[in-house]
Amino acid sequence: MVIVDRRANPQGKSLANRQRFLERVRGDVKRAVADTIARRRIADVDSGEEVRVRVDGTEEPGFATTPEGEHDYVLPGPGTLNRGDRIRKPQGGSGRGQGRKAGRGSGEDPFEFTLTREEFLNYFLDELELPRLARTSVMQDKLSKPQRAGISIYGYPSALDVRRTMRNSLARRIALRRPDLGTLEAVQARVAAAREAGDEDALAQAEAHLAQLRQRMARIPYVDPIDVRYARHERRPVPATEAVMFCLMDVSGSMTEHMKDLAKRFFMLLHLFLGRRYDRVHVVFIRHTERAAEVDEDTFFRSRETGGTLVSSALDVMLAVQRARFPRDRFNLYVAQASDGDNDSADRARVTYLMDEHILPIVRYFAYVETGGERGAFPHHAGRRTTELWDTYDSLSPEHEQLAMRRLNDSAAVWGVLADLFAKSGAAAA
Amino acid sequence: MALLFDGAEWDFQTLDAIHRACEDIAVGEFGLQVYPNQIEVITSEQMLDAYSSNGLPLMYSHWSFGKRFARDEALYRQGYQGLAYEIVINSSPCISYIMEENTATLQTLVIAHACFGHNHFFRNNYLFRQWTDAEAILGYLAFAKAYVAECEERQGRAAVERILDAAHALRPQGIHRYPKRRWRLAEEAERRRVRHEHAEVNYDPLMRTVPGFRIGQAAPEARQQLESEARARLRLPEENLLYFCEKHSPRLAGWERELIRIVRVLAQYFYPQAQTKVANEGCATFCHYEIMTRLHETGQISDGALLEFLHSHSSVILQPDLLDERFAGWNPYALGFAIMRDLARVAREPDEEDRAWFPAFAGNGDPWGVLRDVWANYRDEGLIRQFLGPKVMRSFRMVHLADRTADPDYCINDIHDEEGYRRIASLLADQYEPATLAPLIEVADVDLFGSRTLKLVHQSHRGARLDGDLAKKTLQHMQVLWGYRVCLQEHDADTGRVLTEYASA
């Protein structure tokens with residue numbers, strides 16, 4: 001007989017089959033991921049919470065018979081039945097099987113299963129058509145760097161802390177009264193002097209002393225293993241700083257649900273990216289019409305307001321929040337703005353001033369996305385090919401490389417907005 | 001004797017000691033004959049893995065296994081479904097998977113059940129001897145896995161999946177029910193290699209340019225002659241649809257035929273298991289019960305362990321009656337165990353009734369001899385027809401329930417009394433008739449020189465009809481394999497009248 005311990009075998013033997021299955025039910029999975037995105041808060045986009053996928057699209061048909069016809073069953077009875085007794089058939093066919101093979105092969109019950117965090121993120125990023133390189137930088141675990149963390153009695157030779165080791169060694173030698181070279185030389189000189197003087201007594205005494213010193217020196221090592229100290233290192237996540245992400249959105253009537261959904265995906269992706277780089281990412285939601293206010297996430301995406309559009313109001317609120325709570329020396333500032341490009345033309349001067357003088361100089365990145373309609377139709381203003389806000393920002397962009405602008409009409413384009421940012425961070429990391 | 005273990009903990013020495021103690025009893029006292037055992041300790045995740053590939057340790061890749069895994073895992077995590085304590089594979093050496101979570105008592109139970117009960121059955125039952133090749137199955141699985149992977153690499157995954165999906169749909173109709181010769185799995189890989197070499201050696205592009213004989217130009221009589229000759233070569237009717245496609249499909253490439261063959265071989269491998277559920281589980285359950293009792297009698301397991309064992313044992317053989325909420329058909333463990341116990345009792349201490357029912361062996365004093373004979377020579381249908389005694393029928397209070405489409409009620413036609421015993425035993429045996437495992441569908445005809453339409457026939461017995469929706473979808477798969485249109489007629493088996501006709505699109 002042989003006993004084999006298979007527990008340590010590589011896990012996930014069925015992973016390949018699982019991926020094949022996921023491909024089969026791609027439609028269902030995509031729908032589930034979209035639902036989850038709609039339900040999740042921006043900051044939870046990569047949380048460990050389960051994504052459940054309900055599957056009903058994978059049939060494995062086979063020939064099977066219907067319950068029709070004459071069937072005879074012999075079954076275990078309750079002991080109270082007698083010849084000629086009748087039992088009502090369950091309505092609707094199924095229910096209690098009465099010995100019938102419960103619909104073998106026939107349209108299997110739909111079932112739910114759970115996506116892992118990686119699978120979910122993959123689908124999310126797939127839809128955004130994130131390039132491979134950027135994907136790894138989003139998916140990888142936090143970067144870490146070794147940092148000094150005190151001393152240790154174990155370690156590798158290159159981490160030997162020489163000064164501390166020698167200090168311990170010296171202290172031990174003094175405490176155990178290991179003779180130093182000077183003492184030894186003095187006694188040797190005494191031996192030599194006694195030999196020269198021919199003083200037998202003194203010579204014997206000095207030689208005995210010398211032998212004793214030598215013995216003591218040999219017994220007490222110069223450096224003992226207990227003296228040795230190593231520098232200890234710990235891996236600490238870097239950079240250990242905080243970031244704040246301002247989400248600005250125009251919520252006036254012209255923003256449709258589709259546009260808001262695009263904006264949400266864009267905010268999520270930015271958050272995901274920032275979450276990898278910073279220990280903590282604060283998110284501030286500011287919505288505006290002609291007036292702006294800081295709101296919570298639900299209000300931000302759900303509620304709708306009517307009114308004109310003054311972008312500068314949102315910028316004002318953003319600056320006020322930043323000054324009050326997020327000093328620029330402690331926080332990395334990121335701004336993500338989504339809008340359909342509408343703005344009052346009288347507001348242009350103030351927007352330009354705020355951006356140029358106050359905002360762009362302090363933020364690390366200002367991403368502006370202009371969301372279009374579902375079929376890619378942008379709300380054009382009579383005769384103008386670009387929108388008011390686009391024009392305004394466009395005039396600023398040559399002097400400020402931290403300003404990125406994109407037009408969005410489907411989710412695959414979201415990535416493009418952040419492309420420059422990823423490219424930059426990739427270069428910085430390398 | 002000293003206790004084999006104390007408490008729930010176990011290690012590999014314990015398993016070894018348990019196996020030796022069980023072996024002494026099973027082989028030494030009861031005379032079981034087993035393949036060498038290989039016990040593999042696995043985790044629950046690996047158990048789920050094994051579930052998804054029908055318990056086989058190796059399997060080619062296919063999405064349907066991933067689906068089964070996802071579903072089983074979801075059910076398991078939500079607590080709707082427990083995991084089996086063990087899975088045992090009909091191979092030599094006989095591989096038993098046991099879960100690491102099991103207590104020492106459960107491991108003992110599992111070893112007695114799988115390593116001796118099932119193992120003895122696999123080795124001795126005539127169906128397994130006839131149909132399966134225990135020495136070669138592991139090697140064959142490795143070949144199948146590598147071959148499918150190679151095809152995917154060469155032909156692309158989509159092309160491979162197309163064939164496998166279709167073949168999977170026809171799996172129940174891909175079985176030879178009557179053995180022609182024993183399948184030598186070890187020769188499969190060799191057979192493929194020889195065929196391939198033959199094709200390479202005989203490749204001759206020039207021969208293709210020789211103008212062929214056009215059947216359309218032949219005289220009507222000659223044509224008829226040719227057609228009947230070609231049809232005779234097909235040996236119709238053929239009930240093994242996968243075999244038919246593999247051999248005669250005009251469209252398939254060599255590797256596609258090979259894939260069909262792999263699916264067919266594996267379906268055939270499981271065919272005996274489907275026919276011997278009651279006998280197999282009855283054998284294993286009876287063996288573990290007897291072995292555990294002996295271990296306790298000889299002082300090798302404690303009273304506590306015996307009680308723990310009895311608790312699991314009694315939940316394994318629970319059989320709710322048909323009015324019970326939990327009822328879901330017969331529990332093969334319960335039915336099998338009851339029959340085996342009854343037979344052992346009849347051999348040891350029969351009463352008048354038993355002597356009348358089982359004159360051949362009642363009171364012969366050799367229960368293990370009787371049981372070994374039953375396990376070696378019967379499948380479920382025969383076991384029930386010949387060895388279901390009146391005591392067992394009474395203990396389950398068996399009734400005969402008639403289900404007629406026209407009748408809104410089920411009707412009790414027979415119960416377990418003098419008048420009903422014979423009929424009940426025979427009807428229950430009919431229920432385990434292999435023909436009822438899957439609808440019987442045959443290839444009846446092929447339009448050889450015209451549209452090449454394949455004609456299938458389902459004989460409808462006693463009003464049993466095919467599910468039309470599924471039939472159409474399955475025909476679609478059949479068309480993939482055949483390459484041309486496939487139609488299916490349902491015939492009333494008594495009158496020969498055509499009831500319905502389905503066709504692939």
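**Strands, a helix and a shared face**

Q: What follows helix H9 (residues 220-234) of chain B?
A: H9(B) is followed by Arg235(B), whose phi is positive, near 50°. This is a predicted model: local features need pLDDT of at least 70, side-chain atom pairs count only at pLDDT 80 or more, and totals for chains, interfaces and linings use all residues. Residues are numbered from 1 along each chain as its sequence is written, while chains are lettered from A and ligands numbered from 1 in the order in which they are written.

Q: What makes H9(B) count as a helix, and what span should it have?
A: Helices are DSSP runs of H or I with at least four residues (strands are runs of E with at least two), numbered from the N terminus. H9(B) has 15 residues. The expected span is 1.5 Å times one less than the number of residues, so H9(B) should span 21 Å, and its end C-alpha atoms are 21 Å apart, which agrees.

Q: How do you know whether H9(B) is buried or in the open?
A: A residue is buried if 20 or more other C-beta atoms, placed from the backbone, lie within 10 Å of its own, exposed if 12 or fewer, and partly exposed in between. In H9(B) the number buried is zero, so this helix lies largely in the open.

Q: Why do we say that E3(A) and E4(B) pair?
A: Pairing takes at least two bridges found by DSSP. Six bridges join E3(A) to E4(B), so they pair, running antiparallel. Asp72(A) stands opposite Ala402(B) in E4(B).
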